[in-house]
Every structure is written in structure tokens, then in C-alpha cells.
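Have it open while you read, and go through the points in order.

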Amino acid sequence: MAAAREHFGSRLGFILAAAGSAVGIGNLVSFPVAATKSGGGAFLVVYAIFVFFVCLPVMMAELALGRKSDKDPVGAYRQMSGNSRMWHIPGWLALITPFMIAVFYLVVTVWVLGYLVEIVMGNLDQLTTEGYFTQFINSPLVFVFLVILMLMINGILALGVKDGIERAAKTLMPMLFVMLVLLVIFVLTRENAVLGVKYYLIPDFGKIDASVVSKAMAQAFFSLSLGMGIMITYGSYMKKHDSIPGSARAVAVTDTLVAFIAGLLILPSIFHFNPQIDPADLSDSSAGMIFLFLPKIFLALQDSVGYFGASAFAAVFFFLVLVAALTSLVSIIEVPLATLRDERGMERKKAIYTVGAVQFVLAIGCAVSFGMVDWFTNLTHIAGQGKSFFDLIELVFYDTILPLNGLLICLFVIYKWKRVNLDRELQDGDPTFAGSFSQKYVNFSLGTFIPLILFLVFVNTVALKFFGINLLDLI
Ligand code: PHE
């Protein structure tokens, strides 16, 4: 058995580390893009409902399972399921999923790092030239940045839970928040910014349809880092008598607040760039937004603050995205590390080398999926669409298995581990939880409609992405 289990030093440390996991590219870019395309404030309302009424109970369940078992996800499912072999499967899924999601998230973060370096070197104008992105992601520089990024992440992880993960979160998260707010204040003083604010805050409920609702659900689930074993693992590092419900609420509020504030940055910037813009014309993909559109928006700031000012603004924004992605990657890579340590008794350093080596190879596979190597680029066809290695990982693990993992955790906690045990763990450190509305709600929802919603998301994704059938059209 390895040394005594590591723990976070304080409740605030845990909250910041979990918020660091939750706040990622999803908040700073995907959320504003989705809100822009899908009814502005109306999307926000639907999203917030999913965060607090569907995702928050799942987060509590993951944290409780982790803390009670004191184990990584594989160990947690094994220990709490007794001898039932069937229940070992979700444990393995909760290990493989973060492992693979980390791989494609690493590659996107590498591009963010590359763009940041270019901007700092004074090349913001080049980033806006036609074809730059394709050329950049296919250049050998990507491998250099991959090595640098992996050294940064694993350097933090090597210091352990308290001195690495927690300390990084305590330094980086408040900084991220302050810099984000400063950027927003700056943007709001630009010409036509108010048009963006109006567009964002005046809800257009006409845009809300079944597919927008399903998008909001998937976005909320991903944004809170659920279904990836992260909260099970972080739960196992929580102190015994800290309130799980209270901490989970703090994480969900922080995560949603950052997403909301990021919207106040992106939309006014878009309208400053072009007051006549129809946001419906913008790209649907976050990658399209970050790497193709945002550099143009930032460059346009040079009319009022000069090229240096525009570059400084762009650099701060890309730095924020990098920091947000870094703390998310730290949390997701900690999951396989915890498994190797708990299940195999491996030393932290050895686990880091083992996981890092495999992830490095897979990340290279992803990085060459955009034209560099034909086999990875044109790997397969699914539902009539060509898929690269990168696409395949995203499709299988992010789109499909994530909601399945969520469904399984609900069913496991309520029907196998049992409600009383969940209740007991949630009350440990939070005596007011017993008998509260919150307790009844968590108890009821986790056993009924939350797994149902996750099941529907899962079925719909499989039908749509693997068979090309949109079930939502049938509604
Ligand atoms: N919550 C992250 C985001 O919004 C998702 C994530 C977590 C991704 C952990 C990777 C690792 O981007």
C-alpha cells in the first residue's frame, strides 16, 4: 500500500481546486458561443436550471462516493459495490474517460499556448491571416508546445495534492477571476459594447427548442467536470468533516459565474468589432471561435488602443484560457494517477511517468489528425461522416460516454450504495442538510428524473452521431 492518503489542506483549497477543474475552455469560450447562438439570456436561464437542478446533485453524489470510499474511481466502485462485478464497469469507464478526454483537451490547449506565444511575440496580425490556423496546427511547433505543456501540468502534479494542485489553484484561480473582470470592464467601455450586452441579456425564448435544451444540458455537465471521475477523486481528498453540499454549491456558483462573465466579455467584443453582426452567422464550434474569429476581434481593438494595446488584450485573454485549461487538465490527469497509486500501489512520480508517456503518444496521434498523417486524419467513417483520430476520441468519450457515466453514477449511488449511505455522507459536516428540502430533492432527483435525462441525452447522441437519426426532430 502507498503512503497515507493525501488531502486538501482546507475547505477553500478544495473549492478552488474543484472550481479550477470546472472552469475551463468550456466556460470561457464554449458557453459564450452557445449563448450567442441560442437566445442569449434565455440559454443562460436553461443552462442555470440544469446546473443547479440536475448537475449539482450528481456532483454531490460523486464527491460523497469519493470521500466515503477514500479511493480513486475504480477503487470506489469496487469497494462500495461489494462483490458485484457488473458495478466494476463504471469504475473502469470513470478511469478511461478522463484519460482520453485529457488527450484531446491537451491538443486544444497546445494550440492556445501556441497562439499566446505568437501574440506575445507581436504577431497578432498574422494570426488573422487566411489559412494561418491550419498551417499552425500542422507545424512541428505543436510538438514543442506539447512537451512544454505536459511539463507544466506534470510539474504541478508531481508536487502532490496539497502543494501542487491546491497551491496552483489558490494562486491561479483568484488571478483568473480578477483579470477576467478587468477585461470585461475594459471591453464595456468600448464603442457599441452595449449592443452586445443587450443581445446577451435580453432573452429570446423563441430560440429555445429541444436541441438547444439538450446542448445546454451537455454543456452544463461537461462544464462541472462530471462523469469524468474527477469529483470522485477530489472527493477522496476532501477532509472528512467538511460540508459536501456547501462546497459543491460553491463550485457550481463559481463555475456558472465565470461562464456568465465570459459572456460579458465575448459578446460586447463581437459587437464592437461589427455592430451589424448577426450572431447566428458565427461558427458553432469553440475551436472556430477561439482560433479563427477571436484574433480578428482582438485585432480590431487597435483602432482605439493601438496595436500594442490590442495585442496586450489578446495576450491576457489567451493567458486566461490557458490557465483555465491548465487547472482542468491537472484535475483530469490526477484521476489515472490516483488509480495507479491506489490500485497498483505505485509512487506518484512513477505514475506520472507512466500516464504521461501513454498520453504523450496518444496526443501526438491527435495532433497529426489534421492533415499531417493521412491514416490519423482519415481514420474512419461514422454515420456518413469522415472522422479523424481526434474526432473519434471526442465523439466516443466526450459526446457519448460522458452522459453514460453520469447515468451510471446516479443509479449506483441510489440503488446499489443506497440512499441512506449517501445521506449519511452528505450530512457529515453539514448537519443542517438532514431533513432539508435540499436533502429530499437530491434524494428524489438522483433516483428518478436525473438518470432519465442523462439516459435521453445518451440515447439521442448515439442515434444522432452514430446512426445519423435526430430523435429531437421527432418531438
Ligand atoms: N470543466 C472543463 C471545461 O469547462 C471541462 C474539463 C474538465 C475538461 C477537466 C478537461 C478536464 O472546459
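**Notes on the ligand site and the aromatic pairs**

1. Start at the ligand: one of its nitrogen atoms lies 2.7 Å from a backbone N or O atom of Ala22. That falls under polar contacts, meaning pairs of N or O atoms within 3.5 Å; within protein, one must be able to donate a hydrogen and the other to accept it, and residues adjacent in sequence count only if both atoms are side-chain atoms. Ile25 puts a polar backbone atom 3.1 Å from a ligand oxygen, and Ser225 has a polar side-chain atom 3.4 Å from a ligand nitrogen. On its own the ligand has 310 Å² of accessible area, and the protein covers 100% of it (Shrake-Rupley method, 1.4 Å probe; for residues, only the protein chains shown count as cover).

2. Before going on, a word on the ground rules. This is a predicted model, where local features need pLDDT of at least 70 and side-chain atom pairs count only at pLDDT 80 or more, while totals for chains, interfaces and linings use all residues. Residues are numbered from 1 along each chain as its sequence is written, and side-chain values use heavy atoms, with hydrogens and water left out.

3. Now the rings. Phe, Tyr and Trp rings (six-membered ring for Trp) pair if their centres lie within 6.5 Å; planes under 30 degrees apart are stacked, over 60 edge-to-face, the rest tilted. That gives 39 aromatic pairs. Tyr77 and Phe412 make a tilted one, because their centres are 4.7 Å apart and their planes at 55°. Tyr77 sits in helix H4 (residues 73–80) and Phe412 in helix H18 (residues 389–427), so this pair ties together parts 335 residues apart in sequence. Helices here are DSSP runs (H or I, at least four residues), numbered from the N terminus.

4. Trp111 and Phe390 are a stacked pair, 6.1 Å between centres and 25° between planes. Trp111 belongs to helix H5 (residues 88–120) and Phe390 to H18, 279 residues apart. Trp111 is buried at 3% relative accessibility, as is Phe390 at 7%.

5. How enclosed is H4 by the rest of the structure? Largely, because 6 of its 8 residues are buried. Among them are Pro73, Tyr77 and Met80. The cover includes H5, H18 and helix H15 (302–344), going by contacts (heavy atoms within 4.5 Å).

6. Last, the ends of H4. Asp72 caps the N-terminal end, with a side-chain oxygen 3.1 Å from the backbone nitrogen of Val74. After H4 comes Gly82, with a positive phi near 65°.

Technical notes
Helices (H or I, at least four residues) and strands (E, at least two) are DSSP runs, numbered from the N terminus. Buried means under 20% relative accessible area, exposed over 50%, partly exposed in between (1.4 Å probe, protein chains only).
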